[in-house]
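Please examine the model displayed here together with its sequence.

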Amino acid sequence: MTRVTRKPRKTAASCAVVVLDPAWRKALPGVERLVRRAVRAALGRKTASLTVALGSDAAVRKLNARDRRKDKPTNVLSYPSGERAFLGDIVLARQTVWREARQQKKTPAAHVSHLVVHGTLHLLGYDHEDDSEAERMEGLERRILARLGIADPY
């Protein structure tokens, strides 16, 4: 009998998820799996890694004040590394994400997925500073989210 051995499957995308605010796990069980799925969808076949930190409004407010001179929480921050293999870090603020999901009548899971895709695209160099850039980035977000079974967030 011939034994077939398979090489371990090489994963193109690697995502470390750091839960800074334990309330994320209670509010959205399986959040780490959800985040990794959104990152893989955004990266496609690109070989890269990144870190997603799941924090509180207070933590993100401090980062936003320090790095963007805006003394308020925001839903997502992206910190590009400037490297090819390690793209950088993304940070989400739990309370802001939940509030926005309620206001926009989205599920928290869909909103988290959208923000992770959005942040990952920023790490890949996409932006929305002008109308043409925003249109390009939003179109890409829509296509990625559709592959995840998530409705148009815009």
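The structure is a predicted model, in which local features need pLDDT of at least 70 and side-chain atom pairs count only at pLDDT 80 or more, while totals for chains, interfaces and linings use all residues. Residues are numbered from 1 along each chain as its sequence is written, and side-chain values use heavy atoms, with hydrogens and water left out.

In soluble globular proteins, nonpolar side chains tend to be buried together. A nonpolar core is here a set of buried Ala, Val, Leu, Ile, Met, Phe, Trp, Tyr and Cys residues joined through side-chain atoms within 4.5 Å; buried means under 20% relative accessible area, exposed over 50%, and partly exposed in between, with a 1.4 Å probe and protein chains only. The largest such core has 37 residues, and those with the most contacts inside it are Trp-24, Val-35, Leu-50, Val-52, Leu-54, Leu-92 and Val-112. At least two residues of this core come from each of β1 (13-19), α2 (31-43), β2 (48-55), β4 (86-93), α4, α5 (108-123) and α6 (131-147). Helix α2 supplies the largest share, 8 residues. These elements are DSSP runs numbered from the N terminus, helices being H or I of at least four residues and strands E of at least two.

Val-52 illustrates the packing: not counting residues up to four places away in sequence, Val-52 touches Cys-15, Ala-16, Val-17, Val-18, Val-35, Val-39, Ile-90 and Leu-92, where contact means heavy atoms within 4.5 Å.

Helix α5 has 14 of its 16 residues buried, so the rest of the structure largely encloses it. The expected span of a helix is 1.5 Å times one less than its number of residues; for α5 this gives 22 Å, in agreement with end C-alpha atoms that are 22 Å apart. Just after α5, Gly-125 takes a positive phi of about 105°.

Thr-96 lies in helix α4 (residues 94-103) and, at 4% relative accessibility, counts as buried. Its side chain makes a polar contact of 2.9 Å with the side chain of Asp-57. A polar contact is a pair of N or O atoms within 3.5 Å; within protein, one must be able to donate a hydrogen and the other to accept it, and residues adjacent in sequence count only if both atoms are side-chain atoms.

Most residues other than glycine have a negative phi. Arg-69, in the loop between α3 and β3, has a positive phi near 60° and is exposed at 69% relative accessible area.
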